[in-house]
Amino acid sequence: MSAGSSLLSVAAAVARVWETVRPLPEVEVPAGAAVGLTLAEDLAWPSHLPSLDVSAMDGVALHSAAGGEEAVLEVAGTTCAGEPPGPPLSPGQCRRIMTGAPLPPGADAVQRVERTAPAGEGRVRLLAAVRPWENVRRVGSERRAGARALERGARLGPVHAGLLALLGRASVRVIRRPRVTVAATGDELVGAGEGAAPWQVPNSNGPLLAALVRSWGAEVLEAGILPDRGPELREAITGASRRSDLILLSGGVSRGDLDLVTGALPAAGLNPIFHGVAVKPGKPILFASSRDGRVHAFGLPGNPLSALVGCVLFAWPALERLAGRPHPPAALQARLAEPLARGSGEREELRPARLSVLPGGGWQVAVLHAASSADLGAVARAGALVHLPPRCSPLPAGAAVAIIPLPGASQEPLPLPTD
């Protein structure tokens with residue numbers, strides 16, 4: 001497989017993924033389980049907010065016409081938040097009131113407690129005049145009944161959990177959470193802690209891909225390590241197809257005698273959409289889909305950096321599409337902390353980089369050196385991937401580059417470029 005006209009660009013491959021994958025069905029879930037999912041309905045405010053005129057301060061509620069400086073008023077009880085407004089005020093009366101409590105009938109202002117003083121048994125003196133509606137949150141001043149609270153397609157976050165409670169919603173309609181099976185292939189692989197012999201390789205891709213997928217809000221079904229045997233691969237992929245929306249396999253997608261994923265996917269009913277992208281690392285990536293469009297799969301290269309790049313570039317958009325997002329993830333822009341030598345040639349290139357925030361705002365990156373696409377140690381310090389175009393010329397410090405921040409990206413301090 002060579003970098004040529006037969007290979008898709010990254011943008012063209014992402015477009016193929018986006019066209020092939022369809023959003024998952026809508027489901028009703030408890031509001032507390034909706035964080036990270038896409039809202040599948042419009043939500044409106046069921047009532048005014050506040051629903052009554054309420055106090056914005058601790059103090060006394062009164063009618064402003066009687067609220068001149070040095071006025072002395074009779075204190076007619078106390079109203080706390082969560083209590084009804086109580087009986088109307090008579091002329092010359094006020095009522096002690098707490099923040100968030102409803103104003104009693106006959107009151108149109110609140111004088112804060114710091115501007116009052118005792119004036120004998122059951123009476124209070126105002127130390128400053130009060131204006132109409134001072135220190136009052138008026139009914140409907142924040143939201144009006146029937147106004148749009150959230151639109152269909154919104155990604156629900158932690159703040160929305162509180163908003164759903166405020167709207168009185170115990171459950172909400174969302175796009176179902178994607179289910180993803182993750183597996184690594186290869187007879188050379190052993191599980192973590194199993195004591196790899198010198199000729200064996202610990203399975204790092206499985207945990208790496210599972211963690212990435214979880215960070216994007218999907219449910220992960222880990223299938224462990226699959227052997228380099230066609231019938232067993234086919235059986236495992238067929239089983240994963242019954243319970244998954246997306247399958248992520250690492251290894252076995254190039255052209256060697258034991259690269260069996262390429263044949264096992266169609267044998268399990270998942271037909272290739274593309275095989276090979278003009279990107280470094282990760283050129284042999286394979287994307288396949290079932291005939292009914294219900295299940296999709298990525299065969300990722302076995303080297304960890306290649307698997308990471310393929311997952312970020314292509315599996316992430318697939319998950320966004322499954323989750324009902326309106327468009328694929330977009331690259332951001334950053335400034336280089338140091339000069340960068342030319343790119344690798346005819347292919348687009350992704351390089352791991354440290355990430356920091358510039359003092360004046362914006363991102364800055366310092367590209368890390370990876371000895372090979374198996375060098376996961378270099379990637380461990382990365383907060384982003386720098387995306388370079390084909391035939392990229394050398395770039396000076398301060399040049400703008402496209403970046404894809406990694407989930408949980410650390411922001412390390414970086415020295416500013418010097419003149």
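Is Arg-138 buried, partly exposed or exposed, and at what relative accessibility? In this predicted model, Arg-138 has a relative accessibility of 32% and therefore counts as partly exposed. The side chain of Arg-138 forms a salt bridge with that of Asp-53, with an N to O distance of 3.3 Å. Arg-138 belongs to the loop between strand S10 (136-137) and strand S11 (148-150), whereas Asp-53 belongs to the loop between S2 and strand S3 (54-55), so the pair ties together parts of the chain that are 85 residues apart in sequence.

This interaction is one of 19 salt bridges found in a search of the whole structure. Another joins the side chains of Glu-142 and Arg-137, at 2.9 Å from N to O. Glu-142 is partly exposed, because its relative accessibility is 35%; Arg-137, at 30%, is likewise assigned as partly exposed. A further salt bridge is formed between the side chains of Glu-219 and Arg-179, with N and O separated by 3.8 Å. Since Glu-219 lies in strand S16 (residues 219-226) and Arg-179 in strand S13 (residues 179-185), the pair ties together parts that are 40 residues apart in sequence. Both partners are again partly exposed: Glu-219 has a relative accessible area of 35%, and Arg-179 has a relative accessibility of 32%. Salt bridges also link Glu-26, Glu-28, Arg-152 and Arg-173 into a network.

Arg-173, a member of that network, is also among the contacts of Thr-38. Thr-38 is placed in the loop between strand S1 (26-30) and strand S2 (43-44). With a relative accessibility of 2%, Thr-38 counts as buried, the cut-off for this class being under 20%. Its side chain reaches the backbone oxygen of Ala-323 at 2.6 Å. When neighbours within four places in sequence are set aside, Thr-38 is in contact with Gly-153, Ala-154, Arg-173, Val-174 and Ile-175, as well as with Ala-323, Gly-324 and Arg-325.

Aromatic side chains were examined next. Four aromatic pairs are found in the whole structure. The ring centres of Trp-216 and Trp-316 are 5.2 Å apart and the ring planes lie at 5°, so this pair is stacked. Trp-216 is located in the loop between helix H3 (205-215) and S16, and Trp-316 in helix H6 (residues 304-322); the pair therefore ties together parts that are 100 residues apart in sequence. Trp-216 and Trp-316 are both buried. The rings of Phe-274 and Phe-314 adopt another arrangement, with centres 6.2 Å apart and planes at 65°, so that the pair is edge-to-face. Phe-274 and Phe-314 are both buried.

An α-helix has 3.6 residues a turn, so residues three or four places apart point the same way.

Towards the other end of the numbering, Pro-396 is found in the loop between strand S25 (384-388) and strand S26 (400-405). Not counting residues up to four places away in sequence, Pro-396 touches Leu-336 and Pro-339. The C-alpha atoms of Pro-396 and Ala-71 are separated by 72 Å, and these residues stand 325 residues apart along the chain.

The chain has a mean pLDDT of 92, and 95% of its residues reach 70 or more. Over residues 1-5, in contrast, the pLDDT is below 50; this stretch has ten contacts in the model beyond near neighbours in sequence.

Definitions and conventions. Residues numbered from 1 in each chain as written. Predicted model: local features only at pLDDT ≥ 70, side-chain atom pairs only at ≥ 80, totals over all residues. Heavy atoms only, no water. Helix = DSSP H or I, 4+ residues; strand = E, 2+ residues; numbered from the N terminus. Buried < 20%, exposed > 50% of the residue type's maximum accessible area, 1.4 Å probe, protein only. Polar contact = N/O pair within 3.5 Å; in protein donor to acceptor, adjacent residues only side chain to side chain. Contact = heavy atoms within 4.5 Å. Salt bridge = Lys/Arg side-chain N within 4 Å of Asp/Glu carboxyl O. pLDDT = per-residue confidence, 0-100. Phe/Tyr/Trp six-rings, centres within 6.5 Å; stacked < 30°, edge-to-face > 60°.
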